[in-house]
Amino acid sequence: MDLSPQELLPHLRMMLLIRRFEERLDELFASGLIKGTSHLYAGQEAVAVGLCSVLTHQDYITSTHRGHGHFLAKGGDAKALMAELFGKVTGPSKGRGGSQHVADYRVGFLGSNGITAGGLPIATGAALAIHLRQEKNCVISFFGEGGSNQGTFHESINMAAIWRLPILYVCENNLYAMSTRYDEAFATPTIAARAAGYGIPGEVVDGTDFFAVRAAGERAVQRARQGEGPTLLEMQTYRYYGHSKSDKREYRTREEEAEWQSRDCIEKLRLSMHFSDESLHALDAEVLHEVDEAVEFAMQSPEPAVEEWEDVVYA
Amino acid sequence: MREIYYSWALREAMAEEMERDPNVFILGEDIAEYGGAFKVTQGLAEKFGRERVRNTPISENTICGVGVGAAIVGMRPVVDIMFQDFITLAMDQIVNHAAKFHYMYGGQCRVPMVIRTPAGGGRCYGPTHSQSLEAWLMHVPGIKVVAPATAYDAKGLLKSAIRDDNPVFFVESKLLYGIKGEVPEPDAPDGDYTVPIGEAKVTREGAHLTLIAYSRMTGEAEKAADALRGSGIDCDVVDLRTLAPLDGDTVAASVEKTGRALVIAEDCKTAGVSAEVMARVSEECFDFLKAPVRRVAAADTPVPCADSLEKAALPDAQKIIDAAVALLQQYP
């Protein structure tokens with residue numbers, strides 16, 4: 001479990017890349033260079049990076065409407081993702097999907113998803129395929145606490161528990177389902193407690209702590225690979241931006257935001273690694289350059305040709 | 001050639017495809033030892049085991065979603081939804097996931113899954129167990145809709161559907177399960193036949209009127225055509241067999257010949273399958289038409305339970321005959 005600073009560096013870099021990618025997107029939306037809408041992952045980076053750090057490309061994940069962090073952490077290409085956001089043909093979905101509908105099947109990223117909790121059955125089906133083929137890989141289904149109130153949460157976890165499927169159900173509890181605060185939509189203090197109702201382990205994890213996330217992920221992945229069935233992990237975390245680009249965040253206080261930012265996941269990992277300010281500055285410059293390159297690639301990429309639908313709607 | 005039940009033909013198709021391809025498996029409620037609500041999967045669990053003939057909890061949306069998730073990583077699930085009415089519970093996974101993934105992820109994945117659904121009335125099951133909702137799926141790009149009328153087509157189309165790389169919504173008629181038809185022995189030279197998706201079939205030929213139908217209504221249309229022949233009205237019967245993609249060419253060729261079209265469908269009239277077929281005929285055959293395009297479809301009511309009411313609400317051969325005679329009298 002103990003990773004050396006050398007081994008931790010790529011994870012710190014990935015968290016920083018996701019942060020800078022999302023910050024740049026916010027600017028690009030504000031300036032009107034990108035159309036549509038987007039749900040930014042900034043603040044939650046330790047969850048995606050910590051969990052994907054215990055997976056290989058043979059493992060699968062499904063994601064949510066807030067999926068850029070999962071895409072990058074699973075090994076998706078930043079340039080391609082940016083191109084998709086610009087509506088360019090060089091995006092993974094060739095401009096047809098946009099922010100909420102990207103996938104990279106080469107690295108096991110089965111797709112972000114515009115339907116709240118739509119990914120849970122999909123992930124469960126991928127886990128069933130693994131089970132039927134008697135393979136050793138596993139699946140993580142990411143969803144928000146809002147998604148955990150959909151019927152698919154109950155149906156999927158119950159099915160995976162009965163069949164002991166190799167899957168982790170990871171609830172990123174960022175306290176707000178759009179504007180709806182946790183205590184307006186839940187009568188119990190944790191979502192992890194629901195695991196008992198399915199006869200599986202549930203665990204509350206500090207989602208701002210890379211090491212805690214990774215350790216919980218390792219335990220659950222081991223269970224999955226050994227045929228012991230699913231685990232429900234509740235990652236307590238916070239999104240720094242609003243729900244989507246039009247959100248003025250009137251439902252929460254600036255004080256609450258500052259309190260969460262004082263426990264920023266990237267800063268916590270940096271301090272624990274004894275990574276100096278100078279080193280971080282250099283890493284940051286490298287990451288910002290990568291984001292610049294992604295924007296440049298996206299802007300230079302061609303628009304998709306208007307399609308003959310008969311040729312592309314069916315496989 | 002031997003005659004077997006429509007339901008047996010479906011079962012043979014699944015068994016043969018499971019033998020042929022280890023990625024094929026079946027998923028649904030009460031499909032293992034119980035054999036499914038209509039006994040279509042009877043015997044398959046004994047033959048292939050409960051891993052591949054998998055009973056599920058009552059969770060239609062997730063059953064369909066699990067099918068999608070397995071399909072995108074290489075399996076070929078056949079999902080059994082006990083009554084077509086219950087797709088209302090699964091529309092999110094069918095419409096937003098199964099039908100869209102191939103397109104919206106830029107062609108990176110395919111969704112080779114079949115959703116089998118017993119549809120239609122005629123058994124006094126009442127409003128939530130008798131509907132014909134296939135028009136809803138015709139409206140969604142990315143999913144194919146198939147509705148066989150005979151045992152032969154049921155087997156051949158289900159095999160094609162299982163081998164297809166797209167999601168296929170497979171419409172079965174509860175009343176057809178117990179109807180026999182000719183199907184080759186599996187070990188006959190043509191035993192491994194398939195019926196291509198997307199091709200309609202002309203099952204009766206006549207010069208005066210085209211009857212266009214699918215699923216159980218094809219048989220009713222054929223009965224009507226046989227009776228009408230005695231009154232001097234000769235009908236083409238076009239069995240659509242596939243609703244999406246619709247075989248507009250076969251329909252148009254017939255209507256161009258007869259100049260008259262009567263569309264028959266068991267689903268509700270308003271915005272139903274018949275509406276789309278009529279629109280296509282109007283668009284493509286206008287210059288050949290000698291009469292307005294008409295239809296015989298279910299009443300715009302829930303399907304009632306009482307036998308007398310249900311018969312009144314649903315189309316049948318007599319209603320087709322009456323509509324055909326009226327059309328020919330008005331537009332001789």
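Modeller: A cavity here is a set of grid points where a 1.4 Å probe fits but cannot get out, and its lining residues have an atom within 4 Å of a point. The model is predicted.

Colleague: How many cavities of 30 Å³ or more does a search of the whole structure find?

Modeller: The search covers the whole structure and applies that volume cut-off of 30 Å³. The number of cavities found is 4.

Colleague: Which strand of chain B gives the most to the lining of the largest cavity?

Modeller: The lining includes Val171(B), Glu172(B) and Ser173(B), as well as Arg216(B) and Met217(B). Two elements of chain B, one spanning 168–173 and the other 216–230, each supply at least two residues of this lining. The element that gives the most, with 3 residues, is strand 7.

Colleague: From which domains of chain B does the lining of the largest cavity draw at least three residues each?

Modeller: Among the lining residues are Ala119(B), Ser132(B) and Glu134(B), together with Tyr214(B), Ser215(B) and Glu266(B). By class, this lining has 4 nonpolar, 4 polar and 4 charged residues. The domains that each provide at least three residues are domain 1 (2–183) and domain 2 (201–330).

Colleague: How many nonpolar residues does the lining of the second largest cavity have?

Modeller: The second largest cavity is lined by residues of chain B, including Phe38(B), Val40(B), Met82(B), Pro118(B) and Tyr177(B). Its lining also has 3 polar and 3 charged residues, and Lys39(B), Asp80(B) and Arg116(B) are among the lining residues. The nonpolar residues number 6.

How values were computed. Residues numbered from 1 in each chain as written. Chains lettered and ligands numbered in written order. Predicted model: local features only at pLDDT ≥ 70, side-chain atom pairs only at ≥ 80, totals over all residues. Heavy atoms only, no water. 1 Å grid on protein atoms, 1.4 Å probe; cavity = no way out; pocket = protein on both sides within 12 Å on 5 of 7 lines; lining within 4 Å. Points joined across faces, edges and corners; volume = space filled by probe spheres on them. Helix = DSSP H or I, 4+ residues; strand = E, 2+ residues; numbered from the N terminus. Nonpolar A, V, L, I, M, F, W, Y, C, P; charged D, E, K, R; others polar. Domains from an automatic or database assignment.
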